[in-house]
Amino acid sequence: MLIVDTLEDDGYDIDEAEDGAEAYSFIQDNDYDLVLLDYMMPEMTGLEVIKKVRSEGNMDVKIMMLTAKAQKKDEEIAREAGADYFISKPFSPVELASVVEDILGE
C-alpha cells in the first residue's frame, strides 16, 4: 500500500492487482508504460506473468521485478524471463519512486 500511495502522490496512475492472474489480465487489457511485479504472488508468480507476457510478443511494456529473493541467480532468472529491472527488498518507497521516474523519463 505504501508503494501505491507514494507513486500516486507523485502523480502516477496505478492499477493494483490482487494476484498474478489478475496482474496478467490487467497487462492484457491495458497499455502500461511500466509494470511492477512481486516475484512471489498467489495464482501466478511474477516470473510466470513475465514469461507469459513476453512469450506472447509483448516486448513494449517495461517490467520491474520487486522481490525479497535477493540472490544473484534470482535476478538472472528474472532477467532471462524478460524483466527489464530488478529491485530487492527491502527498499524505500522514495527510492522506488526515484527509479520509476528515471525509467519513465519524467
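Me: How many bridges join strand S2 to strand S3, and do they run parallel or antiparallel?
Reply: Happy to start there. In this predicted model, S2 (residues 62–67) and S3 (residues 85–88) run parallel and are joined by four bridges.

Me: Next, helix pairs. At roughly what angle do the axes of H3 and H4 cross?
Reply: The crossing is at roughly 25°, and the axes of H3 (residues 46–55) and H4 come within 8 Å. Angles under 35 degrees count as roughly parallel, so H3 is roughly parallel to H4. In the contact, Leu47, Ile50, Lys51 and Arg54 of H3 meet Ile77, Ala78 and Ala81 of H4. Sorted by class, that makes five nonpolar residues, two charged and no polar ones.

Me: And how do I read H1 with H5: which residues meet there?
Reply: Begin with the geometry. The axes of H1 (residues 2–9) and H5 (residues 93–104) come within 9 Å and cross at roughly 50°. The two helices are therefore oblique to each other, and their crossing is right-handed. Then the residues: from H1, Leu2, Ile3, Thr6 and Leu7 meet Pro93, Val94, Leu96, Ala97 and Val100 from H5. This contact has eight nonpolar residues, one polar and no charged ones.

How values were computed
Residues numbered from 1 in each chain as written. Predicted model: local features only at pLDDT ≥ 70, side-chain atom pairs only at ≥ 80, totals over all residues. Heavy atoms only, no water. Axes fitted to C-alpha atoms, helices over the stretch in contact; angles between N-to-C directions. Parallel < 35°, antiparallel > 145°, perpendicular 65-115°, else oblique. Left-handed = near helix turned anticlockwise from the far one by under 90°. Contact = heavy atoms within 4.5 Å. Nonpolar A, V, L, I, M, F, W, Y, C, P; charged D, E, K, R; others polar. Pairing = 2+ DSSP bridges.
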